[in-house]
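Thank you all for coming; I would like to take a few minutes to walk through one model with you. Please have the sequence and the picture open while I talk, so that you can find each residue as I name it.

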Amino acid sequence: MDVTIRNAVPADEAAVIRMWAAARARLAAEKIPQWQDAYPGAADFQTDLITGAGRVAVLATGEVVGYAALMPSPEPTYARIAGQWLTAGAYITIHRFVVSNQHLHHGIGQQFMTGVLAHIQTAGTPAVRVDTHAKNTPMHHLLGHFAFQHTGTIWMTDGSPRDAYELVF
């Protein structure tokens with residue numbers, strides 16, 4: 001299954017909200033305390049639309065099977081890190097990365113991340129940053145596949161820690 005990546009549009013909202021809800025349930029079942037409140041939700045999707053940050057992965061059938069928000073620097077929660085970022089300049093942060101439960105383990109996440117990274121690199125941004133929960137092994141594995149470097153720990157606005165990663169092109 002090949003995916004194409006495009007900007008999110010209002011008609012994608014229901015599919016994205018379903019993917020986030022399914023991911024929230026999957027994370028809870030795996031005892032990973034990430035996304036266990038209202039984040040991410042409809043307000044985040046709407047903000048991503050307004051700012052142009054939302055991207056979707058779409059199958060040839062038109063089915064939306066992935067979502068990510070590509071946010072320009074600076075990311076406020078990245079100002080304080082126990083560790084050190086690899087770069088000090090501009091970067092894009094990938095937030096809210098998700099693949100539909102029905103398409104897990106079919107290479108969709110890798111295809112989607114490949115496309116997202118190609119888009120960022122083509123735009124001339126020299127680095128990409130991502131954070132995830134320490135227990136989110138699937139995301140750690142995906143980031144490792146793309147040679148992201150673990151750079152330390154950052155803290156969310158609620159004080160919860162996240163593992164921080166950076167990829168320099």
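Predicted model: local features only at pLDDT ≥ 70, side-chain atom pairs only at ≥ 80, totals over all residues.

Let us begin with helix 1, which covers residues 13-29, and helix 2, which covers residues 42-51. These two helices pack against each other at an angle of about 135°, and their axes are 10 Å apart. What do we call such an arrangement, given that only angles over 145 degrees would count as roughly antiparallel? With the angle they have, helix 1 is oblique to helix 2, and the crossing of the two is right-handed. If you want to see where they touch, look on helix 1 for E13, V16, I17 and W20, and on helix 2 for A42, D44, F45 and Q46. Sorted by class, this contact between helix 1 and helix 2 is made of five nonpolar residues, two charged ones and one polar one.

The other pair is helix 3 and helix 4, whose axes come within 11 Å of each other and cross at roughly 50°. Helix 3 and helix 4 are therefore oblique to each other, and here, too, the crossing is right-handed. On the side of helix 3 the residues that take part are G109, Q110 and M113, and they meet M139, L142, L143 and H145 of helix 4. In this contact of helix 3 with helix 4 there are four nonpolar and three polar residues, but no charged residues.

The largest pocket has a volume of about 1,300 Å³, and it is lined by 45 residues, of which Q34, W35, R96, F97 and N136 are the closest to its centre. Several elements give two or more residues to this lining, including helix 1, helix 2, strand 3 (64-72), helix 3 (108-122) and helix 4 (137-145). Which element gives the largest share of the lining of the largest pocket? That is strand 5, with six residues. By class, the lining of the largest pocket holds 19 nonpolar, 16 polar and 10 charged residues.

The second largest pocket has a volume of about 150 Å³. Its lining consists of A15, R18, M19, A22, E63, V64, S100, N101 and Q102, and helix 1 gives the most to it, namely four residues. Four of the lining residues of the second largest pocket are nonpolar, three are polar and two are charged.

K31 has a phi near 60°, which is a positive value in a residue other than glycine. Further along, Y39 and P40 are joined by a cis peptide bond, with an omega of about -10°.

Terms used:
Residues numbered from 1 in each chain as written. Heavy atoms only, no water. Axes fitted to C-alpha atoms, helices over the stretch in contact; angles between N-to-C directions. Parallel < 35°, antiparallel > 145°, perpendicular 65-115°, else oblique. Left-handed = near helix turned anticlockwise from the far one by under 90°. Contact = heavy atoms within 4.5 Å. Nonpolar A, V, L, I, M, F, W, Y, C, P; charged D, E, K, R; others polar. 1 Å grid on protein atoms, 1.4 Å probe; cavity = no way out; pocket = protein on both sides within 12 Å on 5 of 7 lines; lining within 4 Å. Points joined across faces, edges and corners; volume = space filled by probe spheres on them.
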